[in-house]
Amino acid sequence: MKTQIKSRLLATVQSKGNLGKSTECLARIEWLKSRSVEWQAYDLDDAHRSVFKRYSEQTKLISVSGPESAEQLLRVFRNVGRTPVQIMDARAQATDEILRVMQRTHFLSVAADQGIRMTVFVFPYDDLATMQNLETVVRELGEAVDYVVVRNPAKNPTRMFDGSGLQSILKEWHGAEITMPVLFKSTLLQLDELEARHGRGISWAEAIGNRDLKLDVFARGDLESFLAEIHSEYDSIAGHLLPTNLAAEVQPKKPAAAAAKANFQSRFNFNTE
């Protein structure tokens, strides 16, 4: 019988920055919220605070840059399992420290005994150091975790990953794969300006839903489309993102645009027989 996963730790531990990791993490949080999944986040990037400043009530800010970094990470691992889903968004260059603490505490075996499964997000990029870092992560964690490959065609070419031994291993281990849709740079700038204008972090759901904030109408439409597309991607890999019982409740559906196109085309019958 397949092991029942009671809780998930969704972690981004890749060292290179500027890959779209925080953007993806924010989209994933909005998906969890839309699914009414209880979650807790740990923001390990005390410089940018991308998650903490927008979801401060459900996020703990953890510093992993000083002499107490190992103890701070241990706090995170001790709390894993208290909610169905936990999210760990790490700063760049934190990979070695995270792996070291996991190894010293035998975290993965302890977590497995408690029905907790970790999912690691992998962002391929055409850079030797980046690919070597990914190989280190996969080699150290092995099949004890699940993997989600995130393709970000707007920023990250993946020629070094495609057809590589790393890709083959992840496929063999049933790694999932998603592609991030393009979010216009102007939309991101509009969101930054919105937060600056109001002097606080603003979640994407609030930016869309609260018309009093006056988000640019085109940025709102772009953000709504982006979330609809990437949420459909998350639906398709729910088994890698949620505990077993919650994943079973997710029924993947066509993106709204695809469904509308199919409905339009179904009204025409070109069969001449």
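In the largest pocket, α1 (21-34), β4 (85-90), α7 (185-198) and α8 (204-209) each contribute at least two lining residues; helices (H or I, at least four residues) and strands (E, at least two) are DSSP runs, numbered from the N terminus. The model is predicted, so local features need pLDDT of at least 70 and side-chain atom pairs pLDDT 80 or more, while totals for chains, interfaces and linings use all residues. Residues are numbered from 1 along each chain as its sequence is written, and side-chain values use heavy atoms, without hydrogens and water.

**Largest pocket**
- A pocket is an open set of points on a 1 Å grid over the protein atoms alone, where a 1.4 Å probe fits, with protein on both sides within 12 Å along at least five of seven lines.
- Its volume, the space filled by probe spheres set on the points, is about 850 Å³.
- The lining (residues with an atom within 4 Å of a point) comprises 35 residues, with Gly 20, Ser 22, Thr 23, Lys 155 and Leu 188 nearest the centre.
- Helix α7 gives the most to this lining, six residues.
- By class, 17 lining residues are nonpolar, eight polar and 10 charged; Ala, Val, Leu, Ile, Met, Phe, Trp, Tyr, Cys and Pro count as nonpolar, Asp, Glu, Lys and Arg as charged, and the others, Gly among them, as polar.

**Second largest pocket**
- The second largest pocket has a volume of about 420 Å³.
- Of its 22 lining residues, Thr 3, Ile 5, Arg 8, Arg 117 and Asp 146 lie nearest the centre.
- The largest share of this lining, four residues, comes from α4.
- The lining divides into 12 nonpolar, six polar and four charged residues.
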